[in-house]
Amino acid sequence: MGIDFLFGILTYPLTLLLWLALIIGCSYGVYHHRNAAAFVPPRRLVAGYAGAVLACVLSTAAAAYVTPEEAAQLWQVPPDKYWAAIRQEFVFTLAPAIMFGTAGIALVGVPVLLRLARAGRRTVGWALLASLAISLPFSLLLCAGLLGSGNGIANALGAILSITGAHLLMTLFFCVGAGLPWTRSGQLRSASRLALSAAAVLLVAAYLLFWPVPIEPQAWRAPQAPGYVGAHAPNSRLSDISGIALGRQIGPEYIVQGKDGKLYAGLSNGAIMHMQPDGSAQGMLAHTGGRPLGMAFDADGNLIVADAMKGLLSFDPNGAQTVLLAAGPGGPLHFANAVALAGSGKIYLTDSSERFSPAQYGSTQWAATLDVLEQSATGRVLEFDPATRAVRVVARGLSLANGVLLSADEKTLLVSESGKYRVWRISVAASQLDVAQASPQAQILFDNLPGYPDNLTRGLDGRIWLGLAGQRNDLDRMADKPFMRKLMLRIPRALWPMPKAFGHVMAFTEDGNVVADLQDASGLSPLTTGVTETPERLYIQNVNGDRLGWLPRAALAP
């Protein structure tokens, strides 16, 4: 409560105004004491600090922005509270940014400007050079700290850019507001304006062309999106669903029903929740510390979980955890996603990407985005034998390997390949099979789907359910343009065009006959990942909602 009270005082508008008045008064006192009043008169000093505050607002807004999917995972907020969470994060960081930023100008910036003025270098350019000289050492120290803690060079370089960029922006706005001249004569000649413009253009071009990004995109030929036709003709069968509130929990990405009749759901904060089929008696089995995705119960009643950040885990009925296979950049798994259990006890699972681990990149959403953008196709299907702890690569070369399901005779695996919009049939007997090479052990069951295929689950009456997590988008146009995908990562994500939310799940038989297709084009649906079918209901899995949607099975009737 004490921290909240203190923060409330610090963010109170009157407190900020008093702080700025104190800072401006102290700065002017320094100027006046140094006989520099004519250099920056009081009204221009006020304008300079107004510019610094504006720079704080802009940089804080850029730092506070995350995508709706990341907000669900980082802050546990549903889509309808997304902008409220963004505003809260913005306000939470703005007050300290203004206080520390303006204090830095008063304590460091004012003496530096006075020293530059005495040396006859009282121009915006010299002030920016001084700002760079001050901020760069601090950002380099932080860079070294990030590298030492294993955050990677991309994160370290991003920290340097953020610190120096925000500092330069604040210095620029302060200098312009304070009326500092661009040249010693105070007049910016045409040649000087042209040179500054050219320099600015060159800097922006250099950033867009050469700033390091974590992907090395591969060119590929994306099929033309089929649109919503045939079996996927537009409908609203998923629009009017009921919901089970999850008590401020987010993202039931996968749902499985246990022999005890309870539903078990993996949530974005790492929790595994259980509840009765009607949503009552909610409780927590365990917390994985990562992001639980695919789940299945083994013959002994243990819950087998593919956790994207922790690996392949097993939980006994009391919630005690055993790590079967660890995940991470150096582990046998990088991005555990889905599991399927055979009668023999063997576990089949997808390792979505060997290039991008959610443990390294902070979220499943961002790691998956990077993998799809790169198209290096390093996803794998693995077989793990708990009895011998042997691991075998069944197939590789998949672009974001996602859902996995055993056929009824357990001779074939169905595997969804999200990055290339298709579902495979792969022989269980395959070993080190590269799906990029034609083989009788791998055939495409569904190709060129209208969305990103996700979880595969077995329903009733021979149905197999597939979730489609989002519509096809402009990435198709960049399939054969690797440079454009690199350029996209250099553009702030706040400027990325975000596709409208679109709920979509489908059911089919093992021979590939589509028997049900349910859509929600209203834009209100969470990102659908699959379906769990019970004798009474269809539970709609999602990655960023605060409710578990469901339909009565009667909704399957035409």
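Strands β4 (residues 271-275) and β5 pair antiparallel over four bridges. They belong to an open sheet of four strands, ordered β2-β3-β4-β5. The model is predicted, with a mean pLDDT of 84 for the protein chain.

**The β2-β5 sheet**

- Pairing within this open sheet is antiparallel.
- Its edge strands are β2 (254-257) and β5 (283-287), and each pairs on one side only.
- From one strand to the next, the twist averages 25°.

- β15 (residues 412-417) and β16 run antiparallel and are joined by six bridges.
- Thr 412 stands opposite Ser 427 in β16.
- The two strands, β15 and β16, form a hairpin with four residues between them.
- In that turn, Tyr 421 has a positive phi of about 60°.
- β16 also pairs with β18, antiparallel, over four bridges.
- Here Val 423 has Phe 446 of β18 as its bridge partner.
- Five of the six residues of β16 (residues 422-427) are buried, so this strand is largely enclosed by the rest of the structure.

**Nonpolar cores**

- The largest nonpolar core has 35 residues; Leu 449, Leu 466, Leu 489 and Phe 508 touch the most other members.
- At least two residues of this core come from each of α10 (364-374), β18 (442-446), β19 (451-458), β20 (464-471), α11 (482-490) and β21 (503-508).
- The helix α10 gives the most, with six residues.
- Beyond its neighbours within four places in sequence, Phe 508 is in contact with residues including Leu 414, Leu 445, Phe 446, Leu 456, Ile 464 and Leu 466.
- The contacts of Phe 508 also include Gly 462, Arg 463, Asn 513, Val 514 and Val 515.
- Another core, of 22 residues, lies apart from this one; among its members are Val 110, Val 124, Cys 175 and Ala 178.

**Helix α3**

- The 23 residues of α3 (residues 42-64) should span 33 Å at 1.5 Å a residue, and the end C-alpha atoms are 33 Å apart, which agrees.
- Buried residues of α3 include Leu 45, Gly 48, Tyr 49, Ala 52, Cys 56 and Thr 60.
- Also buried in α3 are Gly 51, Val 53, Ala 55 and Ala 64.
- An α-helix has 3.6 residues a turn, so residues three or four places apart point the same way.

**Confidence**

- In the protein chain, 85% of residues reach a pLDDT of 70 or more.
- Over residues 1-11, pLDDT stays under 50.
- For residues 1-11 the model has 10 contacts beyond four places in sequence.

Note on methods: Residues numbered from 1 in each chain as written. Predicted model: local features only at pLDDT ≥ 70, side-chain atom pairs only at ≥ 80, totals over all residues. Heavy atoms only, no water. Pairing = 2+ DSSP bridges. Axes fitted to C-alpha atoms, helices over the stretch in contact; angles between N-to-C directions. Core = buried A, V, L, I, M, F, W, Y, C linked by side-chain atoms within 4.5 Å. Buried < 20%, exposed > 50% of the residue type's maximum accessible area, 1.4 Å probe, protein only. Contact = heavy atoms within 4.5 Å. pLDDT = per-residue confidence, 0-100. Expected span 1.5 Å × (residues − 1).
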